[in-house]
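Hi,

Here is the structure I said I would pass on.

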Amino acid sequence: KARLIVVFGDQLSDDLASLRGAVPGRDVVMMAEVVSEATPVPHHPQKIALVFAAMRKFAARLERRGFRVLYTRLDDPANAGSLPAEVLRRMAETGLDPLAVLPGDWRLRAAMAALPTEWLEDDRFLCGSADFAAWASDRKSLRMEWFYREMRRKTGLLMEAGKPAGGAWNYDHDNRNAAKRDLLRPAPLRFPPDEVVEEVLDLVAARFGSHFGKLGPFAWPTDRDQALEAMAHFMAHSLPRFGFEQDAMLAGEPFLSHSLLSPCLNLGLLSPLEVCRAAEAEFQAGRAPIASVEGFIRQIIGWREYVRGIWALKGPDYLASNALGHDAPLPPVYWGGPTKMACMKDAVGQTRDLAYAHHIQRLMVTGNFALLAGVDPEAVHRWYLAVYIDAFEWVEAPNTLGMSQFADGGLLGSKPYVASGAYIDRMSDYCGGCHYKVKEKVGVTACPFNLLYWEFLDRHRDRFQGNPRMAQMYRTWDKMDEAHCGRVLIEGRALRARIAAGEVV
Ligand code: FAD
Ligand code: SF4
């Protein structure tokens with residue numbers, strides 16, 4: 001039976017479940033650029049441009065395969081403005097019933113619910129929602145590490161005769177290094193805009209120019225061929241150093257040895273398994289060390305699959321999680337407001353310029369600061385969803401609400417990712433150029449992370465004191481001089497109140 005196949009903007013895979021059995025000449029494909037998807041949060045202009053450009057190129061690719069594609073551009077006068085309205089319009093036009101792959105966004109699922117759509121599971125993940133639910137069902141704690149080992153066994157990645165290659169499952173102990181400046185560090189491959197991208201950039205500048213973030217220079221891969229090139233370049237040049245520098249931060253060096261492949265993966269231009277197989281091949285050929293390759297593969301078949309599983313398992317209510325009862329507004333620095341904190345300035349500045357920050361910047365700078373400052377996790381979630389090039393709800397929400405803000409009460413992480421300035425100083429070169437002094441614990445130039453860290457631990461003592469992974473921190477605090485602790489708390493609370501009032505820190 002002929003179908004109207006609806007392809008959403010992050011479903012740009014040749015092998016998408018709904019396209020797999022589709023027949024050119026019989027089935028019709030529809031895609032739509034709609035304002036209702038670009039504005040629930042003020043998405044970064046580069047991200048809107050990436051999605052629209054990649055959609056246009058994917059539509060052309062399907063046409064080359066012989067499909068009739070009904071493609072609605074944003075500025076098409078007939079554009080109905082939302083995906084359900086566009087689907088209704090195309091149903092009336094074609095007389096066909098829709099078939100689609102379930103989107104990774106609860107809001108869109110709800111919006112589409114009234115239509116007579118046949119839904120297919122998104123099987124571009126290595127672990128389907130049902131398999132994850134089965135894995136989670138008989139466990140008290142959903143530790144990522146156990147899930148990851150199952151995924152290694154299931155995929156056979158880095159497995160030798162049923163055992164992990166090199167003898168260990170995890171080589172993170174080799175990977176927690178600071179980085180040094182290195183003019184010879186290979187840069188990721190960037191792609192100057194082609195004609196399709198240029199046209200989209202003009203549209204985005206006109207329609208979404210007021211959103212936080214710079215539109216140019218735009219350099220992301222926007223089609224499968226470019227994604228494959230970016231992947232091959234990363235494997236050949238940056239993967240060997242990936243693990244070594246994974247947790248490091250250097251001012252003005254946004255990429256270090258990271259892959260920048262998350263947007264390609266999340267749009268469906270690359271599949272997780274092909275990326276992992278390419279990395280494994282580098283290890284097998286002796287071109288990249290096990291610590292790098294294992295670390296890289298763990299991020300994809302471990303973390304990426306795991307957070308998708310949690311998102312699907314917990315449903316839409318997860319988005320309202322706020323276990324710590326935090327309610328402060330998001331400080332203006334997140335939208336580019338002034339700050340004296342060098343680390344925040346760098347992380348937010350590159351987010352504005354590139355729509356990109358790497359994991360440790362997201363987790364231990366902007367995430368850590370919001371958590372310590374007691375910011376409402378929903379506001380934090382909306383920010384991460386808006387500003388990053390790779391942010392789609394299924395992956396962003398568990399990372400932000402669970403891993404970074406502890407809003408789910410410890411489902412995803414066994415302890416909150418909080419740290420004082422000492423951690424940032426160890427892993428970066430930010431502190432040398434900062435107005436604040438990382439070694440100072442109290443006083444007007446004390447690093448804000450130092451004050452907020454102890455104030456956070458004190459404020460949430462009832463919840464965390466019994467946590468074995470945090471006991472040492474409480475012992476350290478309890479051994480400190482009482483008068484000093486009193487001062488830290490008074491200054492820490494005052495600082496938090498100033499941050500909540502939107503003052504510049
Ligand atoms: P690399 O460092 O090169 O890692 C390789 C790949 O591993 C990435 O491309 C990505 O696909 C995967 N990966 C690594 N860590 C994670 C993780 N924790 N969860 C899922 N996949 C992971 N990632 C997103 O793709 N979208 C998001 O919206 C997103 N939001 C985040 C919000 C917060 C608060 C935090 C702490 C992390 C978030 N991450 C998100 C995870 C991670 O920061 C990014 O995947 C990574 O920085 C992307 O850059 P890269 O491709 O250079 O990654
Ligand atoms: Fe960040 Fe504190 Fe270091 Fe300044 S001193 S860069 S605020 S960690």
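**What I found**

Ala355 sits in the loop that links helix H14 (342–354) to H15. Keep in mind while reading that this is a predicted model. The backbone at Ala355 is worth a look: phi is positive, about 60°, although the residue is not a glycine. Is Ala355 buried or exposed? Its relative accessibility is 0%, so Ala355 counts as buried, the cut-off being under 20%.

Ala161 has a positive phi of about 50°, and it is not a glycine either. Ala161 lies in the loop between strand S6 (159–160) and strand S7 (163–164). With 81% relative accessibility, Ala161 counts as exposed, because the class starts over 50%.

While you are checking backbone angles, look at the peptide bond from Gly216 to Pro217 too: it is cis, with omega near 0°. Pro217 belongs to the loop between helix H8 (195–208) and helix H9 (224–237).

Helix H15 (residues 359–372) packs with helix H17 (residues 393–404) at an angle of about 55°, and their axes are 10 Å apart. That angle makes H15 oblique to H17. Their crossing is right-handed. On the H15 side the contact is made by His359, Leu363, Gly367 and Leu371, and on the H17 side by Asn399, Met403 and Ser404. By residue class, this contact of H15 with H17 has three nonpolar, four polar and no charged residues.

Next is H7, which turns up in two helix pairs here. Helix H6 (residues 129–137) and helix H7 (residues 144–155) have axes that come within 12 Å and cross at roughly 130°. This makes H6 oblique to H7. H6 passes H7 in a right-handed crossing. Which residues meet there? From H6 they are Asp131, Phe132 and Trp135, and from H7 they are Trp146, Phe147, Glu150 and Lys154. The contact of H6 with H7 splits into four nonpolar, no polar and three charged residues.

The other pair is H7 with helix H13 (residues 290–314), where the axes come within 9 Å and cross at roughly 110°. H7 and H13 are therefore roughly perpendicular to each other, because angles of 65 to 115 degrees fall in that class. H7 brings Met144, Glu145, Phe147, Tyr148, Met151, Arg152 and Thr155 to this contact, while H13 brings Glu294, Arg298, Ile301, Gly302, Trp303, Glu305 and Tyr306. Sorted by class, the contact of H7 with H13 comes to seven nonpolar, two polar and five charged residues.

How accessible is Glu145? At 12% relative accessibility, Glu145 counts as buried. Leaving out residues up to four places away in sequence, Glu145 touches Trp169, Asn170 and Arg298. With Asn170 there is also a side-chain to side-chain polar contact of 3.2 Å.

*Arg73.* Look for it in the loop between strand S3 (68–72) and helix H4 (83–94). Arg73 counts as partly exposed, because its relative accessibility is 32%. Not counting residues up to four places away in sequence, Arg73 touches Glu33, Arg56, Asn79 and Glu199. The side chains of Arg73 and Glu199 make a polar contact at 2.9 Å. As for Arg56, that residue is 17 residues from Arg73 along the chain, with 8.7 Å between their C-alpha atoms.

*Met470.* The last stop is in the loop between helix H20 (461–464) and helix H21 (471–479). Met470 has 0% relative accessibility and so counts as buried. Setting aside residues up to four places away in sequence, Met470 touches Lys415, Pro416, Leu457 and Phe464. If you want a distance to check your numbering against, Met470 and Ala328 are 142 residues apart in sequence and 24 Å apart in space, C-alpha to C-alpha.

Cheers

Technical notes. Residues numbered from 1 in each chain as written. Chains lettered and ligands numbered in written order. Predicted model: local features only at pLDDT ≥ 70, side-chain atom pairs only at ≥ 80, totals over all residues. Heavy atoms only, no water. Axes fitted to C-alpha atoms, helices over the stretch in contact; angles between N-to-C directions. Helix = DSSP H or I, 4+ residues; strand = E, 2+ residues; numbered from the N terminus. Parallel < 35°, antiparallel > 145°, perpendicular 65-115°, else oblique. Left-handed = near helix turned anticlockwise from the far one by under 90°. Contact = heavy atoms within 4.5 Å. Nonpolar A, V, L, I, M, F, W, Y, C, P; charged D, E, K, R; others polar. Buried < 20%, exposed > 50% of the residue type's maximum accessible area, 1.4 Å probe, protein only. Polar contact = N/O pair within 3.5 Å; in protein donor to acceptor, adjacent residues only side chain to side chain.
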